Amino acid sequence: MKKKTLLSGNEAIARGAWEAGALFASSYPGTPSSEILENLTQYEEIKAEWAPNEKDAFMSAMGAMLAGARAMASMKHVGVNVAADPFMTLTYTGVNGGFVLVTADDPELHSSQNEQDNRHYARFAKVPMLEPSDSQEAKDFTKKAFEISETFDTPVMLRTVTRISHSKSPVELDERTVPDRPLGLVKDEAKYVMLPAYARERHKVIEERLVRLKTFAETFEGNTVEMKDTSVGVITGGISYQYAKEIFPNASFLKLGMSWPLPEKKIGEFIHKVDKVYVIEELDPFWEENIRAMGYTIDVGKNRVPLCGELSPTILAEIFDPDYRVPESAYAGMVPPRPPNLCAGCPHRAVLYVLKKNKLYVHGDIGCYTLGALPPLRAMSSSFSMGSSIGVCEGASQVLDEEAQGKMVCVIGDSTFLHSGITPLLNMVFNKANATVIILDNWITAMTGAQEHPGTGYTVTGEETTAVDYAELAKALGVVPENIRRVNPYNIGELDKVVKEETSKKGTSVIITKDAPCVLLRRAIKANNEPLYVDEAVCTGCRRCLELGCPAISWDAGKAGEYQAADGKVKKRKGQSWIDAMLCNGCGLCYQVCQIEAIRGRKTEVPFGFQLNKKKTVS
Amino acid sequence: MNSKVTNILVAGVGGQGVILASDVMADTFLEAGYDVKKSEVHGMAQRGGSVSSHIRFGKKVYSPIIKMGEVDYLCTMERMETLRWLNYCNKFTVILVDDIEVNPPIVNLGDMEYPQDIEKTLRNNFKSVHIIPATTIAAGLGTERAANVVLSGALSRLLDIDQEQWLKSLLAHLPEKLHELNKKAFLAGREALSNF
């Protein structure tokens, strides 16, 4: 037996691409997909890239494929929406080298804005989709996907979910084999130029291809039958297979490793051998509806299995095991929730605080700053999709009166701005919107765990490259130079002044935060500042500092009662604030928010922000 | 080999080393010849958020996540976090807790109180509860950050797994300059449990 290694689903997909001889991979970070591309950088034979967005990643992978390489584009489920335009036509042209699109779905929305079921894309685009149920299959199916792609002249989708991407299980490793095919572009206009006349012909080709893929699905080794007790036959696949095996240890199983197209004959044979048919699948009734359309009766499907959220052994046991009850917690009280929070010293905090103080309606976007919608900041009122902040702000400004226009801003992170914010900003300028855009430049794609992007100055492998200058870019799009402002967000007074000035101006304004990298970006921050402290003789317990929602600042009700103030008078308070020196990195925000100088630094001067290692290469 | 699957749930607060401790466990059980699955959720800004990791090992493991009520060992790196996972436990669940409190924001703001009766709840409902000063022990060795390793050391005493293998897996995850400290932390955890 070969030695096994524990790999996450994402590590296994990267390994599978390497073993399959892939030469190119591109991606935009997004949970739960990000580690696929990060892991690919360890293989020097593969050119791995972060792209500005998923469509760019997809198109680059298409180009590498066109040049004869095996190529992969990986992204989270909502990223496929961004890449859908080239994808829906790539399915018409087919491939030269093998092409695999990895979609990492996020049932339960652990870190997403929706929980769409991307199995529908396979049917929509008429392409095969493989769906692994553990890391071994994640690796094996990735290799198989490249083979199917070349055999059937089709892009192939590989779908994972969070519990596959981020779970580890044992994998047998193999060597890399590169397909024996020369690299080079091929001239074939009827295949690769999708003029209507050519595309009309290609449509017929892909319908015929789908018929051949259905035949292939009948014998695909990833579609497996395990016959045991025939009173119940479970049709399932992916992570749902693992949960169902826990709950129905003695049932017969048809496990679909290929989610689309379905092996109709195999399904029919299985159904005829069992008394009752259970279809166990997460999210939508995708298999259920397609199997019903074949004319079969399904006894248990979405009539009993939930449509929303993840499945789990617990959920299935509650439905199918009459003896199972979710245990009651031995603790009767309510456990205080512990949601993720903006870090101590986070540069977003000041911006959100100032916008709230100015009572502005804030269109937010996708990033850590979306957490600013939660209490105590509550400084965000809309957030839809990548780049939507600027887009919706433009439209809203066109129907609102001047006063309301001035009471609204949009905020977007640097990575998100480069992903999908440039064209909506262009739209603002083009249509003369009275609107203010705030770009929260923290020098990195922070929420997904610090990935480089075209504004950071580094590639995925850490190689230096050009960095976008947001102010110059805004100018080039047509924003007038006096409406482009760069401001240190840790300086609350200056930030407040700039926000007030720009929101009262006519035309489109762009405010860019400067010298404010993510506090977790170690290459940028030279050192933390000295932690601040609360002077117990001065703090009146006004709670103003607590409005920042900083994890380092706490309320100590034990300090309630009378106290002698610094001026000698005896006063009363309900408690006071204290600062945890372990968590405080001395960003200086609470020092500025405290109006009675109860918060102090150990040094005389409290800096507004951090000392940085290296200025970004922008003016 | 026993066909029963052993279920371990490790929980704590973002930044405490829950993921590292569970990665080491998973490697250890694989090296010991078992089938292993491990699952956790990352993404979002998990700093300061609640974090948990499921580790399951046995002859054959299907689901990477544990059914509620079937945790055999619950290891929590913060007192209150123990309460969050009690409905994953049964009365035979062995509970190991690091004896420290980290306030969540809602407690910091004074809007909710930190639960007061944790130890009583645990002792009244579970047969085997070990409250270990893991952070204090780790701080004594040089860094609080090794509390996760102290707790892992304590757990290792309860499982029929070769401790040398566990140590080997642990050190493979760490840079060499941290080897000596973490070895001490692991052994101190084993020692701490024997004091019960």
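Me: What makes residues of chain A and chain B count as being in contact?
Reply: Two residues are in contact if their C-beta atoms, placed from the backbone, lie within 7 Å. By that rule, 50 residues of chain A are in contact with 45 residues of chain B. The model is a predicted one: local features need pLDDT of at least 70 and side-chain atom pairs pLDDT 80 or more, while totals for chains, interfaces and linings use all residues. Residues are numbered from 1 along each chain as its sequence is written, and chains are lettered from A and ligands numbered from 1 in the order in which they are written.

Me: Which elements of chain A supply at least two residues of the side that touches chain B?
Reply: They are β1 (4-8), α7 (162-165), β8 (167-172), α10 (238-247), α13 (313-320) and β21 (553-556) of chain A. Helices (H or I, at least four residues) and strands (E, at least two) are DSSP runs, numbered from the N terminus.

Me: How do the residues on that side of chain A divide into nonpolar, polar and charged?
Reply: There are 26 nonpolar, 17 polar and 7 charged residues. Ala, Val, Leu, Ile, Met, Phe, Trp, Tyr, Cys and Pro count as nonpolar; Asp, Glu, Lys and Arg as charged; the others, Gly among them, as polar.

Me: How do you know that β8(A) pairs with a strand of chain B?
Reply: Two strands pair if DSSP finds at least two bridges between them. β8(A) and β2(B) (residues 35-40) have 2 bridges, in the antiparallel sense. Therefore they count as paired. Lys168(A) has Lys38(B) as its bridge partner in β2(B).

Me: What is the strand order of the open sheet of 8 strands?
Reply: The order is β1(A)-β8(A)-β2(B)-β3(B)-β1(B)-β4(B)-β5(B)-β6(B), and the pairing is mixed.

Me: Why do β1 of chain A and β6 of chain B stand at the edges?
Reply: Each has a single partner strand, so one side of each is left without a neighbour in the sheet. Neighbouring strands are turned by 20 degrees against each other on average, direction ignored. For β1(A), the pairing with β8(A) is antiparallel over 5 bridges. Leu6(A) stands opposite Pro170(A) there.

Me: Which strands does α1(B) lie across?
Reply: α1(B) lies across β1 and β8 of chain A together with β1 (6-13), β2 and β3 (50-58) of chain B. α1(B) runs at about 5 degrees to β3(B). Axes are lines fitted to C-alpha atoms, for helices over the stretch in contact, and angles run from 0 to 180 degrees between N-to-C directions.

Me: Why is α1 of chain A called largely enclosed?
Reply: A residue is buried if 20 or more other C-beta atoms lie within 10 Å of its own, exposed if 12 or fewer, and partly exposed in between; C-beta atoms are placed from the backbone. In α1(A) (residues 9-19), 10 of the 11 residues are buried, so the helix is largely enclosed by the rest of the structure. Among the buried residues are Glu11(A), Arg15(A) and Trp18(A). Just after α1(A), Gly21(A) takes a positive phi of about 85 degrees.

Me: What makes Val335(A) partly exposed?
Reply: Val335(A) has 18 other C-beta atoms within 10 Å. Val335(A) sits in the loop between α13 and α14 (347-357) of chain A. Leaving aside neighbours within four places in sequence, Val335(A) is in contact with Met80(B), Leu83(B), Arg84(B) and Pro115(B).

Me: What makes β18 of chain A mostly covered?
Reply: In β18(A) (residues 508-513), 6 of its 6 residues are buried. Thr508(A), Val510(A) and Ile512(A) point one way, and Ser509(A), Ile511(A) and Thr513(A) the other. In a regular strand the side chains alternate between the two faces of the sheet. β18(A) pairs in the parallel sense with β16(A) (residues 435-440) over 5 bridges. β17(A) (residues 484-487) also runs parallel to β18(A), joined by 4 bridges.

Me: Which residues touch the most other members of the largest nonpolar core?
Reply: Of its 150 residues, these are Ala17(A), Ala22(A), Ala25(A), Ala61(A), Ala71(A), Val150(B) and Leu151(B). A nonpolar core is a set of buried Ala, Val, Leu, Ile, Met, Phe, Trp, Tyr and Cys residues joined through C-beta atoms within 7 Å. The largest share of this core, 7 residues, comes from α1(B) (residues 18-31).
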